[in-house]
Amino acid sequence: MSAPKHDLLCIGNAIVDVLASVDPSVIADLGAAPGSMTLIDAATAQDIENRIAVERVAGGGSGANTAVVAARMGAKVSYLGKVAEDQAGTHFAQDIRDQGLTFPSQPLAASEEIPTARCIVLVTPDGQRTMFTYLGACTEFTPADVHEDTVTDAAITYMEGYLYDKPHAQAAFEHAATLARKAGRQVALTLSDTFCVGRHHAAFRGLVAGHVDILFANEAELLALYETADFEEALRQVAAETQLAVVTRSEKGAVVISKGERHDVPTTPVKVVDTTGAGDAFAAGFLAGLSKQHDLVTCAKLGNQAAGAIITRFGARPQEDFSLRA
């Protein structure tokens, strides 16, 4: 097999983010748990937007955020995700290509009348983000959208757990993983959210054990995956199922486990403005480090630095002064 053309392929929900600052009472009124992600329909999305003062609209989606940050850190990155043939979809595609990413995905035809997805991100004064997501065109991502050449041309295929909600998306994940493994490439997965893990617990367990080389999760997601309140027990289980597990623990930093070795990597506290995209940026920093063949501790440090840089500002994408290098 020839050398990969890209360091990283990210597969995920192609979403336009709608961001607003709100009082915690708004989250309570909407019946959501702070820090959660709730799937909503188009009418609910419109109702929420009518109740808030939108501050920013930007390209988003967890996997896309990881792709953009990794590219800004020097990795060669491609991305697959489904948008509609509408204004939002055109904006998303142009934005991600402007970041230097390869984006070969074809949009959903306008005749399908399903708009590009949006995620309403409500940020409370403590920096916590609570998300309400209308998946729109994202739900139409199928195995046919997994381009074999794009997968085999990437050293690592990184898949976003949020995309896992539909059966055909689950089939797309397994197809991508199979193609990557057959080509001698690695497969990475982020669990994305405890509620996502809860919705598809058995399927996620099977995916992790059977198809994943590198698993990204935060502490709560890992505990949910292994249905335990014992962090050390969850680490033991994930170590037995994956080649490399990377678990973030907020201000405690990250734990990296690989081939029987454990590394606890602390982070530097920063003033939190908005936690949107923190996990996405961490994964980007870590994977960008891997692409430069750094050791695992250095990769985790880069992940911590990338996450720290993102949460000190509003939004999940790096701004012009983002200058971290892997």
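**Reading the labels on this model**

Mentor: Phe173 counts as buried, at 1% relative accessibility.

Trainee: What makes Phe173 buried rather than exposed?

Mentor: The rule is under 20% relative accessible area for buried, over 50% for exposed and partly exposed in between (1.4 Å probe, protein chains only). Phe173 has 1%, so it goes down as buried. Before going on: this is a predicted model, where local features need pLDDT of at least 70 and side-chain atom pairs count only at pLDDT 80 or more, while totals for chains, interfaces and linings use all residues. Numbering starts from 1 along each chain as its sequence is written, and side-chain values use heavy atoms, leaving out hydrogens and water.

Trainee: Phe173 sits in the contact of α6 with α8. How are those two helices arranged, and what makes them roughly parallel or antiparallel?

Mentor: Helix α6 (residues 167–182) and helix α8 (residues 201–211) pack at an angle of about 5°, their axes being 11 Å apart. So α6 is roughly parallel to α8: that label covers angles under 35 degrees, against over 145 for roughly antiparallel, 65 to 115 for roughly perpendicular and oblique for the rest. The axes are lines fitted to C-alpha atoms over the stretch in contact, with angles from 0 to 180 degrees between N-to-C directions. Helices here are DSSP runs of H or I with at least four residues, strands are E runs of at least two, and both are numbered from the N terminus.

Trainee: Which residues make that contact?

Mentor: On α6, Gln170, Phe173, Glu174, Ala177, Thr178 and Arg181; on α8, Ala203, Leu207, Gly210 and His211. Contact means heavy atoms within 4.5 Å.

Trainee: On to the rings. How many aromatic pairs are there, and why is Tyr79 with Phe103 called tilted?

Mentor: There are 8 aromatic pairs. The ring centres of Tyr79 and Phe103 are 5.7 Å apart and their planes meet at 40°, so this pair is tilted. The rule: rings of Phe, Tyr and Trp (its six-membered ring) pair with centres within 6.5 Å, and planes under 30 degrees apart are stacked, over 60 edge-to-face, the rest tilted. This pair links distant parts of the chain, with Tyr79 in strand β5 (residues 77–80) and Phe103 in the loop between α4 (87–98) and β6, 24 residues apart.

Trainee: Which residues touch the most other members of the largest nonpolar core, and what makes it a core?

Mentor: Tyr79, Phe216 and Phe286 do, among its 44 residues. A nonpolar core is a set of buried Ala, Val, Leu, Ile, Met, Phe, Trp, Tyr and Cys residues joined through side-chain atoms within 4.5 Å. Phe216 and Phe286 also share one aromatic cluster with Tyr158 and Phe282.

Trainee: Last one: what stands out about the phi of Glu227 and Gln293?

Mentor: Glu227 has a positive phi of about 50° without being a glycine, and the phi of Gln293 is positive too, near 60°. Most residues other than glycine have a negative phi. Glu227 is in the loop between α9 (219–225) and α10 (231–241), and Gln293 in the loop between α11 (278–291) and α12 (296–310). With 64% relative accessible area, Glu227 is exposed; Gln293, with 75%, is exposed too.
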